[in-house]
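Welcome! Below are a few exercises with worked solutions, each taken one step at a time. Have a look at the structure first, then try each task before reading on.

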Amino acid sequence: MKSSNRIRHIINMCKYNETIIDVGCDHGYISIGLLNSNKCSRCYAVDINKDPINIAMNNIKKYNLDTKIRCILSDGFNWFDSLENTSAVIAGMGGSTIASIINRNINKIKYMNYILIQPNAYSKDIRKYLYDKQFHVEKEDVIYSKGIYYEYILILPKQQENLDKEYINFLVCFDYDMPLCIFNNAEGKYNDFIKYKINKYKGVLFHLRKNKLSNTIKYETFSRRIEILGRFLL
C-alpha cells in the first residue's frame, strides 16, 4: 500500500499493542498500515461520518484485513465501554477537536497504554491541554511532507507529567506553539522547522511595523521568541 510520509511516520512511531484504535480513520490507511507493519493484532477503525467508514471498509477488504479491522461509526471513543490496555492513534484533525475527544472520555483513557496524536492544525491547543492535565508526553516529533510541517505527540496516559521549570517557561513563552523536541536538535534535525517558525514570527513583526501598530507587548513577545529559537539552531 502506498502511503504518505505523514501516515508512514504515524505507523513508525506506534509501539506494538494487541489492540489499536484508529480515531478519525478517514479511508482506513492508518489501520491497514498498522496491521501490515505488525504494530497490532487487531484494529478498530473509528469515524464519526458514514462516508469515510464505507470507504475504509472497501479499502480494508482489498487487503483482506476485514477479519482483523472492525469499522465503527462513533464519535471518538464513545462506542467503547473500556479502553484498558488498548492504544490509539488520533490523527488528521484540529488540536482542539482532539482535546475534546480525549476530555469526553478522560476516565477511560487513563487506562490506555499510549495515544499517538497528530494534529493537522492548532497543535498548541492539544499541547496546552495535555500539559494542563499533566499527561506524560513520552515523545514529540516533526516531519515535513508535501509542503507542510506535521507535529506528532506520543502520550502515556497511565503516567503523569512533571516538567522542569525550564520547559514550562518555554511552553508558556511560545503559547504552547512549539514542541519540546527542538531541545534535542541533534545534528540540526529540526533546523528547517525552527527557521520556518522564526520566519513566521518575523512576518508578525513586519506586519506590526508596516501598519505602524503600537502593540509593544506583542512586538516584544515575538522578538523574544525569535531570539530564543535562534539559540537552538546548529
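**Exercise 1. Find the volume of the largest pocket and describe its lining.**

Step 1. The volume of the largest pocket is about 380 Å³. On a 1 Å grid over the protein atoms alone, a pocket is an open set of points where a 1.4 Å probe fits, with protein on both sides within 12 Å along at least five of seven lines. Points are joined across faces, edges and corners, and the volume is the space filled by probe spheres set on them.

Step 2. This is a predicted model, in which local features need pLDDT of at least 70 and side-chain atom pairs count only at pLDDT 80 or more, while totals for chains, interfaces and linings use all residues. Residues are numbered from 1 along each chain as its sequence is written, and side-chain values use heavy atoms, with hydrogens and water left out.

Step 3. Lining residues have an atom within 4 Å of a point, and the largest pocket has 18 of them. Nearest its centre lie Ser123, Glu151, Asp177, Lys197 and Lys200.

Step 4. Two or more lining residues come from each of β5 (114–121), α6 (123–132), β7 (148–160) and α8 (191–210). Helices (H or I, at least four residues) and strands (E, at least two) are DSSP runs, numbered from the N terminus.

Step 5. Sorted by class, the lining holds nine nonpolar, two polar and seven charged residues. Here Ala, Val, Leu, Ile, Met, Phe, Trp, Tyr, Cys and Pro count as nonpolar, Asp, Glu, Lys and Arg as charged, and the others, Gly among them, as polar.

**Exercise 2. Work out which residues of α6 are buried and what covers them.**

Step 1. Buried means under 20% relative accessible area, exposed over 50%, and partly exposed in between (1.4 Å probe, protein chains only). In α6, the buried residues are Ser123, Ile126, Arg127, Tyr129, Leu130 and Tyr131.

Step 2. Their cover includes α4 (95–104), α5 (106–109), β5, β6 (135–145), β7 and α7.

Step 3. Look also at the flanks of the helix. Tyr122 sits in the loop between β5 and α6, and its phi is positive, near 55°. Tyr122 is exposed, at 58% relative accessible area. Gln134, which follows α6, has a positive phi near 60°.

**Exercise 3. Trace the largest nonpolar core.**

Step 1. A nonpolar core is a set of buried Ala, Val, Leu, Ile, Met, Phe, Trp, Tyr and Cys residues joined through side-chain atoms within 4.5 Å. The largest one has 47 residues, and Ile102, Ile126 and Leu130 are among those with the most contacts inside it.

Step 2. The element that gives the most to this core is α8, with six residues.

Step 3. Leaving out residues up to four places away in sequence, Ile102 touches Ile90, Ile109, Ile117, Ile126, Tyr129, Leu130 and Phe135, where contact means heavy atoms within 4.5 Å.

Step 4. Another core lies apart, with 28 residues, including Met13, Cys14, Ile60 and Leu156.

**Exercise 4. How many disulfides does a search of the whole structure find?**

Step 1. A disulfide is a pair of cysteine sulfur atoms within 2.5 Å. The search finds zero.

Step 2. Cys40 is buried, at 5% relative accessible area.

Step 3. For Cys181, the nearest cysteine sulfur is that of Cys173, 16 Å away. Cys181 also counts as buried, at 7%.
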